[in-house]
Amino acid sequence: MLRPDSPRLLLLLPTVTYRTVAFIEAARRLGVAVTVASERPSTFERANPAGLVTFDFADPAHAAEQARAFARTHLVHGVVAVDDDTAVVAAAIAEELGLRGNPVAAARAARDKHRQRQLLAAAGVAVPRFELLPTAADPERAARGASYPCVLKPSCLSASRGVIRADTPAEFVAAFERIKRILEQAAPASRSLLVEEFVPGREVAVEGLVSKGALQVFAIFDKPDPLDGPFFEETIYVTPSRLARTAQQEIAACAQAAVTALGLREGPIHAEVRHNHRGAWLIELAARPIGGRCSGALRFDTRETGKGKGETLSLEEIIIRHALDMPIPTLEREAQASGVMMIPVPGPGVLRDVRGVNAAGAVPLIESVEITAHPGQTLVPWPEGSRYLGFIFARGETSEAVEAALRAAHASLEFLLEAAD
Amino acid sequence: MSVTDVRITAEPIDNGRCKFLVSEPLHVGGVRRFATPDEARGSPLAEAIFAIPGADVSEVIVSANLVTVVKRSPAPWPVVGKAVGQAIRAALAGGQPPVASKPAATSTPGSATADDALYERVADLFDSQVNPMVARHGGRVELIDVQDAVVMVRMAGGCQGCGMADVTLRQGIEAMLQQYVPEVKGIVDITDHAAGSNPYFAAAKK
């Protein structure tokens with residue numbers, strides 16, 4: 001039961017997010033009053049006007065006006081975004097209501113891959129050489145002027161959707177046309193794509209929380225499957241990283257430099273960084289937490305710090321506490337290694353069944369196997385797709401053991417597909 | 001079928017709660033909810049789950065082939081979950097039903113009689129308001145039972161597997177229950193969301 005003085009959190013939940021349960025349940029555990037804002041109305045909105053609202057996520061300024069109107073009758077103490085689109089909306093609302101958050105310009109820069117690279121390059125952060133290309137451009141002419149290998153990507157999509165490597169002019173032209181088709185479906189208003197140098201090296205993901213502009217890194221996740229293209233569908237994340245300590249320090253410093261260059265001040269970040277003999281390269285940074293259900297791989301345990309009596313926090317609890325300026329008992333990740341596998345799409349088709357889930361779950365160190373695709377769902381592989389089949393989680397003594405467990409569990413799964421109509 | 005052939009899938013909701021989907025039915029007489037080891041007496045499955053060392057289990061709910069376990073311990077689900085799996089297999093292999101039938105109603109305050117009265121009021125609310133609302137998204141919410149003033153529901157249609165099902169549950173149904181039937185102490189979703197074949201909102205990674 002909520003107390004009358006419970007702080008109210010405005011939670012921006014797009015209807016397609018995986019993050020609903022994690023954030024709603026975290027807020028409940030914290031005793032926080034929640035107002036869920038989505039871009040489409042809940043059928044219960046009239047029944048619970050304090051708890052459910054519809055905001056215009058496509059127009060952050062309009063959403064901020066809507067939040068202002070809502071706040072006239074319900075005092076809002078904090079706002080949390082869960083993905084790239086809502087990160088800009090949350091910044092606009094935070095500015096409008098005077099809440100903890102990022103400047104709108106910074107959130108917008110993080111959302112726009114071209115603007116982000118411009119700011120990072122200007123600040124001296126190592127980024128791949130890049131060029132913005134209008135979708136109306138002549139791809140053959142652009143291909144003649146490109147350096148190879150290069151990577152073509154939409155400037156506005158997420159989850160490696162539409163990201164394609166090209167090693168030759170012919171591959172460049174094919175990738176260009178393919179991304180145009182993806183944009184026509186996924187982001188019809190987008191009129192450009194980014195062409196950038198392919199940076200060889202080991203890729204990691206950095207998770208952290210920014211407070212007053214200072215980045216606290218929670219975890220550096222190794223991505224042990226090589227991300228060399230032609231497409232960049234992610235699979236395994238394992239932490240702690242097995243990179244050398246100096247490499248990890250360079251990666252953390254690179255992420256902090258990017259946060260500063262973009263002007264981010266408050267809230268979670270998720271960054272993709274590559275590391276090679278020339279140091280750390282910022283590939284992308286988003287002003288949001290890790291996507292999908294991958295946050296389940298992060299757990300924060302006060303037993304390790306001696307500040308509490310065995311309290312375990314989720315990433316979502318930390319993000320909510322930060323947004324509401326509540327005390328955060330720990331920012332230290334648990335001691336053991338942890339990993340998640342985003343189950344790759346095996347091919348195009350309609351999912352009929354997933355077999356071997358029990359066997360996968362029985363693999364030592366496997367914590368859970370969550371199949372999120374539903375029977376009858378049409379599966380679309382990358383680069384057109386952006387929905388995984390599900391997630392496998394593991395924990396153990398070492399990152400090597402966790403990675404091996406994830407691979408063994410995945411090998412136990414069998415996916416029955418039918419050809420799509 | 002041997003108990004070694006029984007398939008059990010764990011679906012942690014958070015560090016405190018986890019659903020276990022079992023390929024064999026455990027209880028065919030509706031839903032049983034156990035909030036204490038005393039209540040679990042006579043139901044081998046619930047007794048065994050409450051007895052898991054270090055788990056500090058606070059609640060066990062069994063419905064058909066679904067077991068929901070709530071624990072207070074910070075122990076991770078990989079450890080506790082394996083013990084729950086063993087308890088499920090042992091209960092299925094035992095000579096008596098894993099879960100005893102619901103006891104007959106008594107007149108004690110807060111007992112099954114009070115739950116029956118609550119059930120009627122909640123059912124009325126579901127018929128008159130909740131289900132017409134979720135029907136607009138092709139959904140349906142079935143009132144399974146009320147035990148110790150805790151409402152158990154199963155979602156179907158567009159709600160089953162929907163990315164916003166938890167919003168519907170907490171911000172919609174639970175909020176209405178607090179308003180119209182304030183005696184209700186909580187709500188538990190016993191839906192197998194993974195089996196939902198037509199969710200109204202499907203999630204995508206971002």
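Mentor: A salt bridge is a side-chain nitrogen of Lys or Arg within 4 Å of a carboxyl oxygen of Asp or Glu. By that rule, 5 salt bridges cross the interface of domain 1 of chain A and domain 3 of chain A. Keep in mind that this is a predicted model.

Trainee: Why is the pair A:E317 and A:R29 called a salt bridge?

Mentor: The closest N and O atoms of A:E317 and A:R29 are 3.0 Å apart. The limit is 4 Å and the pair is Glu with Arg, so the name applies.

Trainee: Which elements of domain 1 of chain A touch domain 3 of chain A with two or more residues?

Mentor: On that side they are β1 (8-12), α1 (20-29), β4 (78-81) and α3 (84-97) of chain A. The largest share, 5 residues, comes from α1(A). By class, the side has 13 nonpolar, 4 polar and 6 charged residues.

Trainee: Where do these domains lie in chain A?

Mentor: The assignment gives domain 1 (8-102), domain 2 (129-197), domain 3 (202-334) and domain 4 (338-418). The C-alpha centres of domain 1 of chain A and domain 3 of chain A are 24 Å apart.

Trainee: Why is an area used to describe an interface?

Mentor: Size is often given as the accessible area lost when the parts come together.

Trainee: How is chain B divided?

Mentor: Chain B has domain 1 (3-93) and domain 2 (112-195). Their C-alpha centres are separated by 22 Å. The contact takes 12 residues from domain 1 of chain B and 15 residues from domain 2 of chain B. About 1100 Å² is buried between these two domains, and carbon and sulfur atoms give 49% of it. In domain 1 of chain B, B:K19, B:V31 and B:R33 supply 46% of the area buried against domain 2 of chain B, more than any other three residues.

Trainee: How do you know that B:D189 and B:K19 form a salt bridge?

Mentor: Their N to O distance is 4.0 Å. The rule asks for within 4 Å between Lys or Arg and Asp or Glu, so this pair qualifies. The rule finds 2 salt bridges across the interface of domain 1 of chain B and domain 2 of chain B. There are also 5 residue pairs in polar contact between these domains. On the side of domain 1 of chain B, at least two residues each come from β2 (17-22), β3 (27-34) and β4 (57-64) of chain B. That side divides into 4 nonpolar, 1 polar and 7 charged residues.

Trainee: Back in chain A, why are β19 and β21 called edge strands?

Mentor: The open sheet has 3 strands in the order β19-β17-β21 (chain A), with antiparallel pairing. β19 (378-379) and β21 (414-418) of chain A each have a single partner strand, so one side of each is left without a neighbour in the sheet.

Trainee: What makes β17(A) and β19(A) a pair?

Mentor: 2 bridges join β17 (residues 349-355) of chain A to β19(A). Pairing requires at least two bridges, so these strands pair. Within β19(A), A:T378 stands opposite A:V350.

Methods: Residues numbered from 1 in each chain as written. Chains lettered and ligands numbered in written order. Predicted model: local features only at pLDDT ≥ 70, side-chain atom pairs only at ≥ 80, totals over all residues. Heavy atoms only, no water. Domains from an automatic or database assignment. Helix = DSSP H or I, 4+ residues; strand = E, 2+ residues; numbered from the N terminus. Nonpolar A, V, L, I, M, F, W, Y, C, P; charged D, E, K, R; others polar. Contact = heavy atoms within 4.5 Å. Buried area = accessible area lost by both parts, 1.4 Å probe. Polar contact = N/O pair within 3.5 Å; in protein donor to acceptor, adjacent residues only side chain to side chain.
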